[in-house]
Amino acid sequence: KGVTKFHLRHFILRTNTSTKNLAEWSNNLQTLSENTRLGIPSLVTSNPRNHLTSAAAAGTNLANTSFTKWPTELGLAAMRDNDLVRKFAETARQEWTAVGLRKGYMYMADLSTEPRWQRTEGTFGEDPQLAADVIEQIVLGFQGDKLGNQSVAQTVKHFPGGGATQKGHDPHFSWGRFEVFPGNQLEQNLIPFKAAIKAGTSAIMPYYSVPKDTKYEEVAYAYNKGILRDLLREQLGYKGIINSDTGIIDQMPWGVEGISVEERYAKAMDAGVNMFAGNANPSLLLNAAKKGLIDSKYIDESVVLLLEEMFKLGIFENPYVDVQAAEKLVGNKDFAKLAETANRKSIVLLRNDNSSLPLKNSTKVYFESYAKKYGTDLSQPGDVFKGTNLNGLEFVATPEQADVILLWLKPVVKPLFESTSEPLKVSLSSCAVNVDYINKLTAKKPTVLVVNYTNPFVINEIYNDQTKNRFAAVLATFGTSNEALLDIISGKFNPTGKMPF
């Protein structure tokens, strides 16, 4: 219906399925598209699919896919290794193109300057230059020096910086619609976007936010001519596609609630939007055009930009993929080996008093991975590692049997799409951690504490002046594997990562 009735050619795929299904579905879609009157192919977009995230959600990212599994975006930044970031993007690009995914709603150039924001894990941290360095390698790795028939076009988001949210609330919701830049910090937020533009990003996505206490109109960025045409196009020299975030017309029209849907389309196109996400039926956009609400030059501008991208990607010449080749390539051993290196390099050693790490051979270790879903029962312990001997360590079933407790704590903030207007918190007791249980556990034996950071958690409920002596060492992870962590603990791999915030 989308292809044949509504003449849609841009789709976002949020399904997690096998490599074979992805490739076959892509080919079927392209056959359907090719057999329409103009034969314009379809361009399929996805959110990130290559990360070991604990906060997967439709509309932000996918986890446990058939694709190679790398650290989260924060983990990529923690590596401080531009060459390996580039290799990540180049290998992920090959997996994406193999199944027919030719565009990404990614990556986030936002700075994580507000510690409570629920999308912090998808950023490259709070340092503008670090984020700029990483996003440059991401764009070049996925797209190449210019778009070609092996590229995955990038949609860098959320211009001009979605991390500057008021009190951490997200503009998917009315109570989080305001974005604030205290101390004139807007310029700092632009630094990673400048790097993405210099690297040639094919598209940029503005967020739903309304800028507060700036010189710009207090309407959402998709309607904000000063932000999109004056700042992004004129000042920063950006010439690519401006792609709205999903649902700006009828779900999150902050600042323009008082005008009709047709008038919203007109204002957004006048502001600079070239493509609308989330509205599968274009009838009201067509009505606005027929009524003369939209200047035809803006329609022409958008059509040219969207078709140019397709031509550069080579999908007019050949939009089809080889299903069997895709199955062999996606998640292959060479790609997995690179990802394993990244998973280890993303781990940060925060404290190692008295050189407690690496643990000596034959050390008896109780290894508990504590990960709970937000809002569920926290009374039970975490998962106990069932291995017996690995890397010279002996794993036991209870803390009492151990010489050392290895506790991998994986707190989670309140999920984005379960938000309310209540204050957001990053203390452990507010992030699905039973603090009383953790304190009793770590009092039993010397403990190596590992915290998986999706946000800059406040850990003083378990680590403070009274309790710190019970911790032999402290590490930070950003989405990684058991094997990677145990290689660090045992000394098989020397930790080199640095905190991204």
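Which handedness, left or right, does the crossing of H3 and H11 have? The legends below get to that. This is a predicted model, where local features need pLDDT of at least 70, side-chain atom pairs count only at pLDDT 80 or more, and totals for chains, interfaces and linings use all residues. Residues are numbered from 1 along each chain as its sequence is written, and side-chain values use heavy atoms, with hydrogens and water left out.

**View 1. Helix H3 against helix H11.** H3 spans residues 82-99 and H11 residues 333-345; helices here are DSSP runs of H or I with at least four residues, numbered from the N terminus. Their axes sit 10 Å apart at an angle of about 140 degrees (lines fitted to C-alpha atoms over the stretch in contact, angles from 0 to 180 degrees between N-to-C directions). The crossing is left-handed, meaning that the near helix is turned anticlockwise from the far one by less than a right angle.

**View 2. Side by side at the H3 and H11 contact.** From H3, Leu84, Lys87, Thr91, Gln94 and Glu95 meet Phe335, Leu338, Thr341, Ala342 and Lys345 of H11 (contact: heavy atoms within 4.5 Å). That set splits into four nonpolar, three polar and three charged residues.

**View 3. Thr120 in its loop.** Thr120 belongs to the loop between strand E3 (103-104) and helix H4 (128-143). Thr120 counts as buried because its relative accessibility is 0% (buried: under 20% relative accessible area, 1.4 Å probe, protein chains only). A polar atom of the Thr120 side chain lies 2.8 Å from the backbone oxygen of Trp117. Beyond neighbours within four places in sequence, Thr120 touches residues including Leu74, Glu114, Asn455 and Phe501.

Methods. Helices (H or I, at least four residues) and strands (E, at least two) are DSSP runs, numbered from the N terminus. Ala, Val, Leu, Ile, Met, Phe, Trp, Tyr, Cys and Pro count as nonpolar, Asp, Glu, Lys and Arg as charged, and the others, Gly among them, as polar. Buried means under 20% relative accessible area, exposed over 50%, partly exposed in between (1.4 Å probe, protein chains only). A polar contact is a pair of N or O atoms within 3.5 Å; within protein, one must be able to donate a hydrogen and the other to accept it, and residues adjacent in sequence count only if both atoms are side-chain atoms.
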